[in-house]
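The sequence and the structure are shown first, and the description follows.

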Amino acid sequence: MGYIERSASQIAEVLMREGLDYTQTKAVFKLARAKAGLHAPQEKRGSPVRLTLEEELCFIDQAYACGGQTGLMMQVLLETGTRVSEFTALRVEDISLAERLVTVTHGKGGRCREIPIRPEMARLLALHIGKRRAGPLFVSRQRRQDGSAPVYTRQRIGQIVREVAKKAGIIKRLYPHLLRHTMATRLLALGMDISDVQKFLGHEDLSSTRIYAETSLAMLRRKFDQVTLPQGQALIRSIATTHGDVVGAFAADLLSGDRRSLI
């Protein structure tokens, strides 16, 4: 028996003798590491890949071209920033149309959180739900042998995301979690506080959210370079005057993604 295995056995005996459960043992180890001066090594991660605004719009348009339910599924997956396992578990009971909230009842680590949705999304979900009061939010059209309607699996959602991306001509390797990256980066770029984005995503640790903030700072620098050019300023002012400030902000994001358009 090696040193690690012997140590693990001794610690296990202590934990069982004290009758500690899983949550309590996590707290014990966390405190023990702190007292011993042990810290996790700094992770070296690059900025998460995301969809540009053009790719995002193209993806959603193509999803709706594949069918109304497919389009709504992809839009909900994107705009709620849910993990694919959380998305497939959503039920009609988890949707509050009056409050414009989606409740994730079994998030990572068993945590529950509420996700706000736009009024337009609430209206689309109201049409989709109809008179239903319970059951899976999205039901697969493939029926089981016992006649019940199956829910979508994580694997099937991943397959749909890839199929839509391919039809939309998106070159990036697209997968459900990349949509989550896209939404997180978008919220930070639009000015949402990082602690609020942490709650939106259901991150236990703020450090998991900071990587999106780093990406947003890079986006902000590019956007600043673009919109401060005379041509960019004039174009954005014109768009904002005609279509409103929100569309103007999206236009600024588009300009930041294509430097050549202002040269």
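Tyrosine 64 is partly exposed, with a relative accessible area of 31%; here buried means under 20% relative accessible area, exposed over 50%, and partly exposed in between (1.4 Å probe, protein chains only). The model is a predicted one, in which local features need pLDDT of at least 70 and side-chain atom pairs count only at pLDDT 80 or more, while totals for chains, interfaces and linings use all residues. Residues are numbered from 1 along each chain as its sequence is written, and side-chain values use heavy atoms, with hydrogens and water left out.

Together with Leu124 and Leu127, Tyr64 forms a nonpolar patch on the surface, and the three have about 290 Å² of accessible area together. Such patches are made of residues with over 30% relative accessible area and no salt bridge, like charges being joined within 9 Å and nonpolar side chains (Val, Leu, Ile, Met, Phe, Trp, Tyr) within 5 Å. Accessible areas come from the Shrake-Rupley method with a 1.4 Å probe, and for residues only the protein chains shown count as cover.

Tyrosine 64 belongs to helix H3, which covers residues 53–65. Helices (H or I, at least four residues) and strands (E, at least two) are DSSP runs, numbered from the N terminus. The 13 residues of H3 reach 18 Å from the first C-alpha to the last, close to the 18 Å expected at 1.5 Å a residue; the expected span is 1.5 Å times one less than the number of residues. Buried positions in H3 include Leu53, Phe59, Ile60 and Ala63. Just after H3, glycine 67 takes a positive phi of about 145°.

Phe59 is also among the residues with the most contacts inside the largest nonpolar core, as are Met74, Ile157 and Leu174; this core has 45 residues. A nonpolar core is a set of buried Ala, Val, Leu, Ile, Met, Phe, Trp, Tyr and Cys residues joined through side-chain atoms within 4.5 Å. Neighbours within four places in sequence aside, the contacts of phenylalanine 59 include Met74, Val161, Ile170 and Leu174, where contact means heavy atoms within 4.5 Å.

## Helix H4

Helix H4 spans residues 68–80, and its 13 residues reach 18 Å from first C-alpha to last, close to the 18 Å expected. Twelve of the 13 residues are buried, so H4 is largely enclosed by the rest of the structure. Among them are Met73, Met74, Leu77 and Glu79. Just after H4, glycine 81 has a positive phi of about 65°.

## Salt bridges

Side chains of opposite charge can pair when their charged atoms come close. The structure holds nine salt bridges, each being a side-chain nitrogen of Lys or Arg within 4 Å of a carboxyl oxygen of Asp or Glu. In one of these, lysine 172 meets glutamate 55 at 2.8 Å, N to O. Lysine 172 lies in the loop between H7 and helix H8 (176–189) and glutamate 55 in helix H3, so the pair ties together parts that are 117 residues apart in sequence. Lysine 172 is partly exposed at 29% relative accessible area, whereas glutamate 55 is buried at 19%.

Glutamate 56 pairs with arginine 186, the closest N and O atoms being 2.8 Å apart. Arginine 186 lies in helix H8 and glutamate 56 in helix H3, so this pair joins parts 130 residues apart in sequence. Both partners are buried: arginine 186 has a relative accessible area of 8% and glutamate 56 one of 14%. Elsewhere, glutamate 163 and arginine 156 form a salt bridge with their closest N and O atoms 3.8 Å apart. Glu79, Arg118, Glu120 and Arg123 are linked in a network of salt bridges.

## The chain as a whole

The protein chain contains twelve helices and three strands. Of its 263 residues, 38% are buried. Among contacts between residues at least 6 apart in sequence, 58% join residues at least 24 apart. The chain exposes about 16,500 Å², with carbon and sulfur atoms supplying 56% of it.
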